[in-house]
Amino acid sequence: MDDVAASTVDGELESVSLVDLAVSRLTREILSGKSDPGERLVEEQLTRRLGISRAPLREALRLLAQQGLVEHVPRRGVRVATLSDRDVRELYELRDVLERFSVRAGIPVGRESDLAGLRATLDQLREATRVGDRMAVAESHREFHVALVALAGNRQLSAVYGSILVKLQLYMAINLRREAELAQPLDGVHRHERLFEAVAGGDPEEVLTVLSGHGARSYLG
């Protein structure tokens, strides 16, 4: 009886692990721009590529739908989530409001150690750019701004901001891809270095000035 119970628990743990791995892998691919908004996600291809069965894949897609990264279309299956032009504009406006509030609430920082999160993500961005890892570059861009907002010390604000970034990242990834075609690889690094220096300087108005010229929408059509 104990062996059967242990076997069942092991099976459940294995299934949960596969779901988590699938969610993590697909999230990275979507948020890095490897999969475009509206692109159909074919179960047969995903099970083969991820090396998992349909059951954990479908659970992973259900969780991704809850996050707003994919959407189920009646009689057409699952696709990467899409946003209207109005949705994107409104989300960017809301992102700007939250960032500006966070800057005024969190800067100047109380201790030098408070900058550790920003400094770490900037280092990650430099390394990802150096090796040409597009997924890691996209993640570093996102994590830098998450760390910036975290300076306000407001957990609810950070949670709302994070959910907005997840939705916007679908289109920010297109931004980064267009930037890669039109700009030098280090341009993104230099923009974030300037923003970090302004934050470290402790003048919120200077941070807002740099942030306004940060170029978050420069490559949107």
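# Reading helices in a predicted model

Q: In which helix is the place of Thr27?

A: This is a predicted model. In the model, Thr27 has its place in helix H1, which covers residues 2–31.

Q: Is Thr27 buried or exposed?

A: Burial is judged from relative accessible area, and a residue counts as buried when the value is under 20%. Thr27 has a relative accessible area of 16%, so it is buried.

Q: Which residues is Thr27 in contact with, leaving aside its neighbours within four places in sequence?

A: Thr27 is then in contact with Leu64, Gln67 and Leu69. Of these, Leu64 is a buried residue of helix H3.

Q: Which residues of H3 are buried, and where do they fall when seen down the axis?

A: An α-helix has 3.6 residues a turn, so residues three or four places apart point the same way. In H3 the buried residues are Pro56, Leu57, Ala60, Leu61 and Leu64. Viewed down the axis of H3, these buried residues fall within an arc of 140°, so they line one face of the helix. The face turned away from the buried side carries the exposed residues Ala55 and Gln66. Just after H3 comes Gly68, with a positive phi of about 85°.

Q: What do the span and the buried residues of helix H4 show?

A: H4 has 22 residues (residues 85–106), which at 1.5 Å a residue should span 32 Å; its end C-alpha atoms are 31 Å apart, which agrees. Its buried residues are Val88, Leu91, Tyr92, Arg95, Leu98, Glu99, Ser102, Val103 and Gly106. They fall within an arc of 135° down the axis of H4, so they line one face of this helix. Arg86 and Val97 are exposed on the other side of H4.

Q: At what angle do helices H5 and H6 pack?

A: H5 (residues 116–131) and H6 (residues 134–150) pack at about 165°, with their axes 9 Å apart. They are therefore roughly antiparallel to each other, and their crossing is left-handed. Among the residues of H5 that meet H6 are Leu118, Leu122 and Leu125, and those on the H6 side include Val137, Phe144 and Leu148.

Q: How many helices and strands are there in the protein?

A: The protein has 9 helices and 3 strands. From the N terminus, its elements follow the order α-β-α-α-β-β-α-α-α-α-α-α. Buried residues make up 41% of its 221 residues. Among contacts with a separation of 6 or more, 72% join residues 24 or more positions apart.

How values were computed:
Residues are numbered from 1 along each chain as its sequence is written. This is a predicted model: local features need pLDDT of at least 70, side-chain atom pairs count only at pLDDT 80 or more; totals for chains, interfaces and linings use all residues. Side-chain values use heavy atoms; hydrogens and water are left out. Buried means under 20% relative accessible area, exposed over 50%, partly exposed in between (1.4 Å probe, protein chains only). Helices (H or I, at least four residues) and strands (E, at least two) are DSSP runs, numbered from the N terminus. The arc is that of the directions from the helix axis to the C-beta atoms. Axes are lines fitted to C-alpha atoms, for helices over the stretch in contact, and angles run from 0 to 180 degrees between N-to-C directions. Angles under 35 degrees count as roughly parallel, over 145 as roughly antiparallel, 65 to 115 as roughly perpendicular and the rest as oblique. A crossing is left-handed if the near helix is turned anticlockwise from the far one by less than a right angle, and right-handed if clockwise. Contact means heavy atoms within 4.5 Å. The expected span of a helix is 1.5 Å times one less than its number of residues.
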